[in-house]
Amino acid sequence: MTVLYLGTLVVLLALHGIALSLLLRRWAGAPALALTLGVCGAVVLMFALEHAVGLGPLRGVGALTALLAAGFIWRERSRLRRPAVWWQTLPLLLTLAWGLLWKLNFPSIYPTSERVTDLYFIASYLDGTRLPPIDHWFPPYAFDFYYALQHYAAALMGRLFALPSGLTYNLAFVLLPGLTLALAWETTRRQGTAWGPAALLLLVLMIGGTGASPWTRVVVDNGEGTPVATANDRMWASARFVGGFDQRINTDLGKAVFGSALPPRHERQDLPLENLGYQYYVGDYHPPLGGFLLLALALALMVGLQAVKPISPRGQGLLAVLAATVPLTLAVNTWIFPLHLLLVAIWGLWQLPRWHAEAALGPSLRAAVLGGLAMLVLLLPFLSGFSQRSLETGFQWVSAAQHTPWVSFLVLHAPVLILLGLTPAVPPRLRAVAWPVALALVLALGLSELLYVDDLSGGQYERTNTTMKWWGWIWTATLLGVAPAVLASGRRSVRVVAMLALASTLTYVADIVGYWRSEGRTDFGELHAEAIYRREVGGRAIIEFLRQAPEGIVLERLKEDAYDHGGVYSAFAGQPLWLGWPLHEVTWRGQLPEIWQRRDAQRAIFEARHPDPATYLLGYDVRYIVWSVREAQQLAGHREALSAQLSPHYRWRELGRVGDAPVGVWVRR
């Protein structure tokens with residue numbers, strides 16, 4: 001039944017995708033670009049509309065729109081009979097298969113990195129209320145402090161097809177980077193890059209290695225470490241080499257190459273580079289994924305604009321959409337807004353002579369301005385709240401002690417530096433895109449060593465968030481925007497050097513294989529993402545009870561202030577949680593006293609130390625109180641006292657037992 005259900009869902013999604021691609025194919029000029037424009041356009045329009053009126057759960061609407069899509073496809077069926085159409089579809093199927101393979105093997109969501117956070121973001125949008133929705137980690141406050149458009153997009157899909165939050169998360173994680181990679185392949189081939197080099201480039205993008213990948217096995221000796229620990233070490237080592245993995249350098253070769261250039265350990269900045277392919281290992285449905293899609297979309301539009309006359313209606317329309325991607329980054333991944341703006345602005349300045357020569361300067365500038373303004377108008381309801389709630393952060397100069405050690409910088413970025421260095425050798429027909437893009441990336445890489453965003457991080461993590469977002473974007477932008485033109489060079493030596501630079505990152509394949517071999521996959525295929533918690537005593541029953549129960553605020557115990565299991569049941573059930581991870585809420589909202597007051601109160605309640613928990617929780621409209629297997633094992637001695645305190649206003653619903661200790665939910669009478 002599960003296979004039948006997922007198969008039906010895939011068919012419904014495919015019908016929508018094919019219809020969107022057919023609808024916009026002639027205007028966009030390429031199928032993957034048409035599909036991307038269709039998806040992004042639909043999401044943005046719905047996002048703007050639902051700031052005016054919430055459309056509710058939308059159950060059944062996906063089936064209706066699938067019928068409409070099927071009718072449109074039947075009308076246009078002659079266009080699908082061409083063999084080229086199926087060859088153009090194959091890359092998308094392969095990139096989706098890569099993401100699905102990861103998610104089939106590692107589908108569960110649990111408190112590592114930002115998986116639970118992203119699940120909660122999606123759950124906040126699933127109700128379909130007028131935006132901004134209620135913050136599902138801090139009701140009744142609004143969820144208007146975060147750039148979460150891609151989470152809204154995932155929830156929109158979940159609402160259209162009545163999907164639970166965990167399955168919505170995993171399907172969206174497969175679709176978003178898969179579409180980015182398919183768009184990258186299409187753009188590469190449109191520039192005339194041969195099949196072999198284009199396939200190598202796509203593989204490098206999918207795998208996610210860095211310039212440090214060949215070094216991780218020769219600079220650190222793990223000794224008698226377990227296979228699992230070693231495999232995990234090597235999976236994050238390539239991305240977090242500078243200031244992380246390099247602190248453990250212990251081989252003679254490692255000391256000889258890096259030792260003299262490394263500062264003392266306590267002074268090293270943690271400077272990660274998380275590119276597109278690395279996101280598959282991290283498993284987070286986090287904003288960098290959306291930023292990569294907008295990057296691929298912008299570069300695809302730049303390439304497409306070279307094939308049309310700037311003064312033509314189609315050229316003006318594509319240019320307006322390109323300009324619109326700049327403000328759109330504010331709602332998708334605000335961190336990369338300055339870089340995306342720099343990229344589009346330098347490309348635009350580079351086109352001025354062409355526009356002037358073809359008498360299109362005025363109309364082109366007007367189209368760009370109107371496209372950007374139109375997107376700002378659509379996003380204005382979101383930006384009005386977001387701009388007031390977001391924390392005040394600014395840029396700071398990188399101090400002498402914070403700079404990246406020069407050897408580490410060269411090693412980590414070696415493939416990117418080589419590709420940028422080969423840019424002068426690209427064919428003349430491709431220079432109008434490759435050269436301004438390369439210039440923008442060189443400037444961006446330089447800026448990353450001069451400036452950082454002064455967020456709440458400090459000490460060795462002062463630059464961490466900035467390099468994590470910026471370096472990963474610069475790396476991916478180089479592979480998407482510069483590498484195809486370099487690989488299309490007419491000089492064989494240039495192509496060989498570029499391919500060797502790219503191929504060096506594929507040593508990371510060995511790390512992926514080692515990770516897959518060492519990690520247990522007991523939840524294989526459980527795409528609902530709940531397998532870990534369903535195996536807990538009472539876990540399945542609690543999730544299903546909360547999922548079927550009327551909407552209401554849930555109280556779950558948080559043992560830690562972040563990366564805790566508390567709240568996961570509510571997120572899977574799609575119910576709001578009285579208090580999520582306090583340290584995250586502080587990061588987003590600032591030092592709001594109520595966050596810590598709630599934290600202390602919930603601990604006192606579960607330990608039966610609160611003087612009147614029932615009255616207190618009624619004041620916050622808390623409807624459900626979860627007593628999970630963790631409470632049954634760790635706080636068993638407090639349950640009877642707590643039950644007596646709650647009994648006047650809450651009734652106990654037993655859903656399982658750990659020995660003699662009950663597990664279940666208190667429900668408001």
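Modeller: One term to begin with: helices here are DSSP runs of H or I with at least four residues, numbered from the N terminus. On that numbering, P140 sits in the loop between α5 and α6. Note that this is a predicted model.

Colleague: Which peptide bond is cis at P140?

Modeller: The cis bond runs from P139 to P140, with omega near 10°. A cis peptide bond also joins L131 and P132, and there omega is about 0°. P132 lies in the loop between α5 (115–125) and α6 (149–160).

Colleague: OK, phi then. What is phi of A359?

Modeller: Phi of A359 is near 55°, a positive value. A359 is in the loop between α15 (337–357) and α16 (361–389). Its relative accessible area is 59%, so A359 counts as exposed.

Colleague: What about phi of A529?

Modeller: Positive as well, near 75°. A529 lies in the loop between α22 and α23.

Colleague: Is A529 buried or exposed?

Modeller: Buried, because its relative accessible area is 0%. N170 is one of the residues to look at here, as it touches A529.

Colleague: Where is N170?

Modeller: In helix α7, residues 165–190. N170 has 1% relative accessibility, so it is buried. Leaving out residues up to four places away in sequence, it touches K103, P107, L527 and A529.

Colleague: What does the side chain of N170 reach?

Modeller: The backbone oxygen of P107, at 3.1 Å. R521 also has a C-alpha 9.2 Å from that of P107, though the two are 414 residues apart along the chain.

Colleague: Where does R521 lie, then?

Modeller: In the loop between α22 (508–518) and α23 (531–534). R521 is partly exposed because its relative accessible area is 34%. Residues up to four places away aside, R521 touches N105, F106 and W516.

Colleague: Switching to charges. How many salt bridges are in the whole structure?

Modeller: The search finds 24. One of them joins R630 and E536, with the closest N and O atoms 2.5 Å apart. That pair links distant parts of the chain, 94 residues apart. R630 is in helix α29 (residues 629–634), and E536 is in the loop between α23 and α24 (539–548).

Colleague: Are R630 and E536 buried or exposed?

Modeller: R630 is buried, and E536 is too.

Colleague: What does D561 form a salt bridge with?

Modeller: With R599, the closest N and O atoms being 2.9 Å apart. This pair also links distant parts of the chain: D561 is in the loop between β3 and α25 (568–573), while R599 is in helix α27 (residues 593–606). D561 is buried because its relative accessible area is 19%, and the cut-off for buried is under 20%. R599 has 14%, so it is buried as well.

Colleague: Which residue forms a salt bridge with R599 at 2.7 Å?

Modeller: D600. With 42% relative accessibility, D600 is partly exposed. Elsewhere, a network of salt bridges links E530, R534, E544 and R547.

Colleague: Now the strands. Why is β4 largely enclosed?

Modeller: Because five of the six residues of β4 (residues 622–627) are buried, the rest of the structure largely encloses this strand.

Colleague: In which sense do β3 and β4 pair?

Modeller: Parallel, over three bridges, with β3 being residues 553–555. V622 in β4 is the bridge partner of I553. β4 also pairs with β6 (residues 661–668), here in the antiparallel sense over four bridges. V626 stands opposite V665 in β6.

Colleague: Last one, a helix. Which residues are buried in α21?

Modeller: V494, A498, A501 and L502. They cover an arc of only 95° around the axis, which puts them on the same side of α21. R492 and L500 are exposed on the other side.

Colleague: What do the buried residues of α21 pack against?

Modeller: Four helices: α8 (195–207), α17 (406–421), α19 (464–481) and α20 (483–487). α21 itself (residues 492–504) has 13 residues. It reaches 18 Å from first C-alpha to last, close to the 18 Å expected.

Definitions and conventions: Residues numbered from 1 in each chain as written. Predicted model: local features only at pLDDT ≥ 70, side-chain atom pairs only at ≥ 80, totals over all residues. Heavy atoms only, no water. Buried < 20%, exposed > 50% of the residue type's maximum accessible area, 1.4 Å probe, protein only. Helix = DSSP H or I, 4+ residues; strand = E, 2+ residues; numbered from the N terminus. Pairing = 2+ DSSP bridges. Expected span 1.5 Å × (residues − 1). Arc of directions from axis to C-beta. Contact = heavy atoms within 4.5 Å. Polar contact = N/O pair within 3.5 Å; in protein donor to acceptor, adjacent residues only side chain to side chain. Salt bridge = Lys/Arg side-chain N within 4 Å of Asp/Glu carboxyl O.
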